[in-house]
Amino acid sequence: MARYSVYDCTMIELDKHHSDRKGNISVVQNGDTVPFDVRRVYYLYDVPGGESRGSHAHKELSQLIIAASGSFRVTLDDGKVKRSFMLNRPYQALYVKPGVWRDLDDFSSGAVCLVLASEVYQAEDYIRDYDEFLNYRKQK
Ligand code: TYD
């Protein structure tokens, strides 16, 4: 298992094609902007104010997290250091590497959290218990 730290997880600037009168378009495509091939896309929406999501780590999965609309906070934790990112620009993506715990909270009204994932859904790739996560990080 790779031991990625929160400092290996970075904000990526996406393409932003601007048109004065007609709005913007941002593009994410395999072999170009994304550091992995995208195998799954999902999105969180209608998250009530005050609620939090996430609270897990992945063993192998990499993700790009984008605030497609509105804003929310992502707090990453590698077992030693925590680092928070406020996501509020649809042309920025947070690259979350495997083995890093994430909590999402502070969702604005109408926020849409778009996630591009390197793998299809596999329940066994999740670590949902924080103590188990800390033990996992200590393993050789
Ligand atoms: P969960 O991962 O717990 O949401 P979050 O961590 O973002 O708060 O997922 C909620 C439910 O949706 C859970 O029953 C699993 C299911 N799910 C899928 O079936 N496929 C998926 O790709 C995802 C992300 C979740």
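In which loop is the place of Ser62? Ser62 sits in the loop between β5 (53-58) and β6 (63-69). The model shown here is predicted.

**The record**
- The UniProt record, an unreviewed entry, places the feature "domain: Sugar 3,4-ketoisomerase QdtA cupin" at residues 8-137.
- In the model, that span is 6% helix and 44% strand.
- The end C-alpha atoms of residues 8-137 lie 15 Å apart.

- Strands of a sheet pair through backbone hydrogen bonds, and the pairing can be parallel or antiparallel.

- β7 (residues 72-77) pairs with β10 (residues 101-105) over 5 bridges, in the antiparallel sense.
- Thr75 stands opposite Asp103 in β10.
- β10 is also joined to β5, by 3 bridges, and these two strands run antiparallel.
- Here Gly54 has Asp103 of β10 as its bridge partner.
- β5 pairs with β12 over 2 bridges, again in the antiparallel sense.
- His58 has its bridge partner in β12, namely Tyr126.

- Is Ser62 buried or exposed? Ser62 has a relative accessible area of 10%, so it counts as buried, which means under 20%.
- Leaving out residues up to four places away in sequence, Ser62 touches Phe36, Tyr95, Val96, Lys97, Pro98, Leu116, Ala117 and Ser118.

- Asp37 lies in the loop between β3 (23-25) and β4.
- Asp37 has a relative accessible area of 44% and is partly exposed.
- Which residues does Asp37 contact, leaving aside neighbours within four places in sequence? They are Asn30, Gly31, Ala117 and Ser118.
- Ala117 and Ser118 are also among the residues that Ser62 touches.
- Asp37 and Leu116 are 79 residues apart along the chain, and their C-alpha atoms are separated by 9.2 Å.

**A surface patch**
- Val41, Tyr43 and Tyr45 form a nonpolar patch on the surface.
- Together they have about 340 Å² of accessible area.
- One of them, Tyr43, lies in strand β4 (residues 40-44).

Terms used: Residues numbered from 1 in each chain as written. Predicted model: local features only at pLDDT ≥ 70, side-chain atom pairs only at ≥ 80, totals over all residues. Heavy atoms only, no water. Pairing = 2+ DSSP bridges. Helix = DSSP H or I, 4+ residues; strand = E, 2+ residues; numbered from the N terminus. UniProt positions renumbered as here; feature names shortened; annotations may be inferred. Patch = residues over 30% accessible without salt bridge, like charges linked within 9 Å, V, L, I, M, F, W, Y side chains within 5 Å. Areas by Shrake-Rupley, 256 points an atom, 1.4 Å probe, with all protein chains shown as cover. Salt bridge = Lys/Arg side-chain N within 4 Å of Asp/Glu carboxyl O. Buried < 20%, exposed > 50% of the residue type's maximum accessible area, 1.4 Å probe, protein only. Contact = heavy atoms within 4.5 Å.
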